[in-house]
Amino acid sequence: MTVARILSEKGGSVVTVEPNRTLDDAIHLLAEKRIGAIVVSNDEGAVLGILSERDIIRALSRQGAGAFDAPISQHMTASVTTCTRSSTVEEVMQLMTDGRFRHVPVVEDGRLAGLVSIGDVVKRRIAAVEAEHQAMRDYITMA
Ligand code: AMP
């Protein structure tokens, strides 16, 4: 299964934030949208970074409450691993495993086109494994 298929099911809209907004703004966005990471982006839709709840925990442990007013750019990961709509679920799983992160933005022609989370990947993987098991069971019953 490809990322394009995942996006056709879940949609391509992504919660984004500008790099000069504060960590406090990001915390409110994460809570309001019930998500674990925000893509840091500009008006052109370029991916400038990613900020996850882990970055916020790290910032708070380093700077205490003062971190709330810090710009997102100071605490985001600027070197973002991305995928394309034609990437496969297996490729995205490998990226997540190798990089030890749970979110991969989808980029097409230099613009943000969606976001795949570990939840999306696991859901499709379980469905694929269950379909394989069912096919095996059907095959054995027929024999
Ligand atoms: P996560 O597991 O996605 O909450 O993120 C764990 C750490 O990896 C945080 O420091 C994130 O900023 C960073 N991170 C998340 N996604 C990516 C990505 N696609 N590329 C690079 N770093 C990432």
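Helices, taken as runs of at least four residues, and strands, taken as runs of at least two, are DSSP assignments numbered from the N terminus. On this basis the chain, which is a predicted model, has 5 helices and 5 strands, and from the N terminus on these elements follow the order α-β-α-β-β-α-α-β-β-α. Along the principal axes, the C-alpha atoms of the chain fill a box of roughly 70 × 35 × 25 Å. Of the 143 residues in the chain, 31% are buried.

The largest pocket has a volume of about 320 Å³ and is lined by 15 residues, among which Ile50, Ser52, Thr77, Arg100 and Phe101 lie nearest its centre. Two or more residues of this lining are given by each of strand E3 (47–52), helix H3 (53–63) and strand E4 (103–108), with H3 giving the most, namely 3 residues. When the lining of the largest pocket is divided by class, 4 residues are nonpolar, 6 are polar and 5 are charged.

The second largest pocket, for which a volume of about 230 Å³ was computed, has a lining of 13 residues, and Lys10, Val15, Ile35, Ala37 and Leu115 are those that lie nearest its centre. The elements that give two or more residues to this lining are strand E2 (37–41) and strand E5 (111–117), and the most is given by E2, with 3 residues. By class, the lining of the second largest pocket comprises 7 nonpolar, 4 polar and 2 charged residues.

Helix H3, which gives the most residues to the lining of the largest pocket, also holds Ile56. Ile56 has a relative accessibility of 6% and therefore counts as buried, the cut-off for this class being under 20%. In sequence, Ile56 and Val17 are 39 residues apart, and in space their separation is 14 Å from C-alpha to C-alpha.

Val122 belongs to helix H5, which spans residues 118–142.

Most residues other than glycine have a negative phi. Arg34, by contrast, has a positive phi, near 55 degrees, and is found in the loop between helix H2 (23–33) and E2. The relative accessibility of Arg34 is 76%, so that Arg34 counts as exposed, a class that requires over 50%. A positive phi is likewise found for Asp109, with a value near 50 degrees, and the place of this residue is in the loop between E4 and E5. Asp109 has a relative accessibility of 80% and therefore also counts as exposed.

Key. Residues numbered from 1 in each chain as written. Predicted model: local features only at pLDDT ≥ 70, side-chain atom pairs only at ≥ 80, totals over all residues. Heavy atoms only, no water. 1 Å grid on protein atoms, 1.4 Å probe; cavity = no way out; pocket = protein on both sides within 12 Å on 5 of 7 lines; lining within 4 Å. Points joined across faces, edges and corners; volume = space filled by probe spheres on them. Nonpolar A, V, L, I, M, F, W, Y, C, P; charged D, E, K, R; others polar. Buried < 20%, exposed > 50% of the residue type's maximum accessible area, 1.4 Å probe, protein only.
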